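Subject: Structure for your review

Dear colleague,

Please find below the structure that I am handing over to you.

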Amino acid sequence: MHYGIERIGATVIPAGSGNTERHLMMMQDFGTTAVVGTPSYALYLAEVGERNGVEFSKLPLRVGLFGGEPCGEHMRAEIERRLHIRATDNYGLTEIIGPGVAGECECRCGLHINEDHFLAEIVDPETGETLPEGVEGELVLTSLTKEAFPVLRFRTHDLTALDLAPCACGRTSARMRKVRHRTDDMLIVRGVNVYPSQVEDVLLKIEGIEPHYQIVVDREHGMDRMEVRVEVAEEIFSDVMADMVAFTGNVSDRLNGVLGLSVKVTLVEPGTVERTAGKAKRVMDNRSLE
Ligand SMILES: [Zn+2]
């Protein structure tokens, strides 16, 4: 990513993770126009900036290249609104090259795969059989130009589908659908398949809920129990107990409706769900510790 950005003539400021105040200071001092990182860190950047009186609308910042974890459309909209940028989704993995396998163009209708460097296939995760265009399955990658450490038919565990039609932007490379699920981030709770992204979709549509949440799965007396800890806006915390109970009930009803599973919802105060500089840890599955 670093050398690719330099190749197009841009200046790179390698900031690393952590020390968010310093990031904000550098962004202001250097007049940064683009930011690269995980989407959850972008939100954290917005939060710290807002707290420190940074007016993002007045900064030269205009675009964000995000990746490393799933980012739904609601989360994307939130990042764009708060940082005043246009956010794109990018895909890569350490075993292949890191960032740079695929990325969205200005049309944002799938991630263009850099096919001159990577051969992408979609296979059935159960049988390993190659699937046709448009059918969702597991992404398998082969590096074509990588030296010293080539990778042949690497199974990514990421679920997506390919679109081979030329894009409206004029590029003709294959596009892969945004990765929302992995073959292995799926939770099975009381026999029901649950993807963390389904929980996120429900939560971020509800007014007053912040884009920070945590899913906790436990086993009590042989029975799975799923709890969703949700960070809510200050004004949701009310002196009227009945209002809080109604709000919690509404969130849990909506989750039940989508997941087909009863979920305990706990409201937590703004800023209490742990923030990380890297990938957000959304799921705590305590069952495996038993
Ligand atoms: Zn395009």
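**Domains**

The centres of domain 1 and domain 2, taken over C-alpha atoms, are separated by 25 Å. The contact draws on five residues of domain 1 and six residues of domain 2, where two residues are in contact if their C-beta atoms, placed from the backbone, lie within 7 Å. On the side of domain 1 that touches domain 2, three residues are nonpolar, two are polar and none is charged. For these classes, Ala, Val, Leu, Ile, Met, Phe, Trp, Tyr, Cys and Pro count as nonpolar, Asp, Glu, Lys and Arg as charged, and the others, Gly among them, as polar. The assignment for the protein places domain 1 at 1-84, domain 2 at 93-182 and domain 3 at 187-289; such bounds come from an automatic or database domain assignment.

Please note that this is a predicted model, in which local features need pLDDT of at least 70 and side-chain atom pairs count only at pLDDT 80 or more, while totals for chains, interfaces and linings use all residues. Residues are numbered from 1 along each chain as its sequence is written.

**Helix packing**

Helices (H or I, at least four residues) and strands (E, at least two) are DSSP runs, numbered from the N terminus. Axes are lines fitted to C-alpha atoms, for helices over the stretch in contact, and angles run from 0 to 180 degrees between N-to-C directions.

Helix H2 (residues 20-30) packs on H3 at an angle of about 80 degrees, with the axes 10 Å apart. H2 is therefore roughly perpendicular to H3; angles under 35 degrees count as roughly parallel, over 145 as roughly antiparallel, 65 to 115 as roughly perpendicular and the rest as oblique. Thr20, Glu21, His23 and Leu24 of H2 make this contact with Tyr44, Leu45, Val48 and Gly49 of H3. Its residues comprise four nonpolar, three polar and one charged.

Helix H3 (residues 39-51) also packs with H4, at an angle of about 35 degrees and with the axes 10 Å apart. The crossing of H3 and H4 is left-handed; a crossing is left-handed if the near helix is turned anticlockwise from the far one by less than a right angle, and right-handed if clockwise. H3 contributes Pro39, Ala42, Leu43 and Ala46, and H4 contributes Met75, Glu78, Ile79, Arg82 and Leu83. Seven of these residues are nonpolar, none is polar and two are charged. Helix H4 (residues 73-83) lies across strand E2 (63-67) and strand E3 (86-93), and runs at about 130 degrees to E3.

The axes of helix H5 (residues 196-204) and helix H6 (residues 241-259) come within 10 Å and cross at roughly 140 degrees, so the two helices are oblique to each other. Their crossing is right-handed. Gln198, Val199 and Val202 in H5 meet Arg254, Leu255, Val258 and Leu259 in H6.

**Sheets**

An open sheet of seven strands, with mixed pairing, has the order E1-E2-E3-E4-E5-E10-E9; two strands pair if DSSP finds at least two bridges between them. Its edge strands are E1 (34-37) and E9 (162-163). Strand E4 (residues 98-104) and strand E5 (residues 111-113) run antiparallel and are joined by three bridges.

Four strands form another open sheet in the order E6-E7-E8-E11, with antiparallel pairing. Strand E8 (residues 154-160) and E11 share two bridges, and Leu159 has His181 in E11 as its bridge partner.

Yours sincerely
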